[in-house]
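The report below is meant to be read beside the sequence and the three-dimensional view. Please keep both open while following the text.

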Amino acid sequence: MLCVLLLTLFRWAYLYRRFTIEAAEGTLRQTNFYEKIKPNPPPIKVLGKSTTDVDSVSAEKLDKIRKILAKNTELREITSEPDPDSVLILTPIKDSAEYLDRYFSLIDRLDYPRSSISIAFLVSDSIDKMQQILVQKQKQYQQDGPEEQRFNQFEIYRQDFFYILSHRQRHDFKMQRERQTMRALKDEQWVIWIDGDLEEYPPTIIKDLMAYDKDIIVPACMENRTKAGGPIRHTLYDHNAWQETDVSRKMLAGLKDTDFLAEDTKYIRSGRRYMDEFKNEEIVPLDGIGGTFALVKSHVHRSGVVFPTWLVEHEVETEGFAKLAKLNGFGVYGLPSYHVIHVRS
C-alpha cells in the first residue's frame with residue numbers, strides 16, 4: 001500500500017515538473033497533466049454572426065467570401081461561438097438610490113435565462129448612497145445568493161462629469177453618458193438600454209421585443225399620472241420617439257446644417273408624429289427614439305453606430321442614434337401599444 005502511494009506521488013511530481021519545464025520553454029502541449037484538469041478556453045472568440053447578401057456581390061467577392069468561410073471552418077476547433085440569446089443590460093444612472101429596489105425587482109421578474117444576462121451600470125456625479133447599494137447588490141447576486149440568481153456579468157463603472165442639472169434635465173444627461181457605457185459590451189448579441197427609474201414593464205418584454213427581430217426597437221414609454229383614488233391614467237412620457245412627417249420634413253429643410261433641434265412639445269411644434277398618435281398600429285418605423293427602454297442588436301453598436309454628441313440631421317444622442325442607424329441601413333421601429341411605465345417626474 002505504501003509503495004503504491006509513493007509511486008502515485010512520484011508520478012504527480014514528475015508530471016507537475018514536466019509541465020513547469022515545458023511551460024518555461026514555451027512548448028506547452030495540449031496533452032499535459034495540467035490542461036486535463038483545467039482546460040484553457042478557445043483563443044478565438046466570435047463576437048457576432050456575420051451576414052452578407054451573396055446574391056448582390058460580384059463573383060470575385062463571392063470567391064473571397066468562400067475562402068474566408070473555409071478558413072473559419074478550418075479553425076472551428078479553437079473557436080468559441082457566442083450565446084445567440086445573450087443580452088447586455090446597460091443603465092446609466094445618477095442619484096437614483098430610491099429607485100434601485102424597484103429596478104432590481106423588475107429585473108428579477110424578467111422571464112429570461114439569468115445566465116444569458118449581463119448587466120452594467122455607469123454611475124456619474126452621484127452624492128446619494130446609490131454606489132454603495134450597487135456594490136451590495138453586486139455581492140448579493142454574484143456571491144451570496146443562489147447560483148441560479150447570478151448574472152453572467154455584473155459590472156459597475158464610474159465616470160464623473162460634474163454637471164449640475166435639475167431632476168427634469170437628468171434624462172438628457174443620461175443620454176450623454178450612454179456612449180461611455182459601451183465599454184461593457186463584450187460578445188453579447190443584444191443590448192438593452194434601461195432607464196434606472198422605470199416603474200413597470202412586462203416580465204416577458206425581452207422575448208416580446210426580440211420576436212420582432214428588428215435592429216432597434218422600442219416600446220412606448222408612458223408616465224403614471226394616476227391620482228389617488230382615481231382611475232388609472234397614463235400619458236406619453238418619451239417624446240424622443242417619433243416619426244417624421246411631410247410637415248416636419250418641410251421644417252427641417254429650412255434649417256441650417258449647424259442648427260440643433262431639441263424636441264420640446266411645449267415650445268416647438270415640429271409636426272412630428274409621436275407614439276401615442278398611432279392608433280391600432282402594432283409596429284411602426286421611427287426616425288427618433290428615446291432611451292428609457294430600447295432593444296438593440298449588438299452588431300449595430302459594433303458597426304460604429306453610437307449615441308452621437310455631434311449633429312446628425314440636426315439631432316444628437318438618442319434621436320441622433322436613430323438617425324445615424326438609419327443612414328447606415330439599420331431599421332428603427334416602435335411599438336405604440338406596448339407600454340413601459342416611467343415614474344412620475
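## Helix packing, cores and selected residues

The crossing of helices α4 and α5 is right-handed, a crossing being called right-handed if the near helix is turned clockwise from the far one by less than a right angle, and left-handed if anticlockwise. The structure is a predicted model, in which local features need pLDDT of at least 70 and side-chain atom pairs count only at pLDDT 80 or more, while totals for chains, interfaces and linings use all residues. Residues are numbered from 1 along each chain as its sequence is written, and side-chain values use heavy atoms, with hydrogens and water left out.

**The α4 and α5 pair**

Helix α4 covers residues 100-109 and helix α5 covers residues 130-144, and their axes come within 11 Å and cross at roughly 30 degrees. These axes are lines fitted to C-alpha atoms, for helices over the stretch in contact, and the angles run from 0 to 180 degrees between N-to-C directions. The two helices α4 and α5 are therefore roughly parallel to each other, a label given to angles under 35 degrees, whereas angles over 145 count as roughly antiparallel, 65 to 115 as roughly perpendicular and the rest as oblique. On the α4 side the contact is made by L100, D101, F104 and D108, and on the α5 side by M130, I133, L134, K137 and Y141; contact here means heavy atoms within 4.5 Å. Sorted by class, this contact of α4 with α5 has six nonpolar, no polar and three charged residues, where Ala, Val, Leu, Ile, Met, Phe, Trp, Tyr, Cys and Pro count as nonpolar, Asp, Glu, Lys and Arg as charged, and the others, Gly among them, as polar. An α-helix has 3.6 residues a turn, so residues three or four places apart point the same way.

**The chain and its cores**

The chain has ten helices and 14 strands, these being DSSP runs numbered from the N terminus, with helices (H or I) of at least four residues and strands (E) of at least two. Of its 345 residues, 43% count as buried, where buried means under 20% relative accessible area, exposed over 50% and partly exposed in between, with a 1.4 Å probe and protein chains only. Among contacts between residues at least 6 apart in sequence, 76% join residues at least 24 apart.

A nonpolar core is a set of buried Ala, Val, Leu, Ile, Met, Phe, Trp, Tyr and Cys residues joined through side-chain atoms within 4.5 Å. The largest such core has 37 residues, of which I89, I194, Y201, I205 and F293 touch the most other members. Helix α4 gives the most to this core, with five residues. Leaving aside neighbours within four places in sequence, Y201 is in contact with L106, I107, R109, L110, I194, F293 and V340. A second, separate core of 35 residues includes M222, M275, F278 and F321.

Just after α10, G329 takes a positive phi of about 90 degrees.

The loop between α9 and α10 holds P308, which touches V316, E317, G320 and F321 when residues up to four places away in sequence are not counted.

| Pair | Residues apart along the chain | C-alpha separation |
|---|---|---|
| H301 and A325 | 24 residues | 9.1 Å |
| R302 and L185 | 117 residues | 9.0 Å |
| P308 and L324 | 16 residues | 8.2 Å |

H301 is buried, with a relative accessible area of 5%, and P308 counts as buried at 0% relative accessibility, whereas R302 counts as partly exposed at 31%.

**Individual loop residues**

R114 lies in the loop between α4 and β4 (117-123) and is buried, with a relative accessible area of 13%. Not counting residues up to four places away in sequence, R114 touches I107, D108, Y141, E148, Q149, R150, F151 and N152.

N280, in the loop between β11 (273-274) and β12 (284-285), has a positive phi of about 60 degrees although it is not a glycine, and N280 counts as exposed at 82% relative accessibility. D213 lies in the loop between α7 (205-210) and β8 (216-224), and its phi, near 55 degrees, is likewise a positive value in a residue other than glycine.
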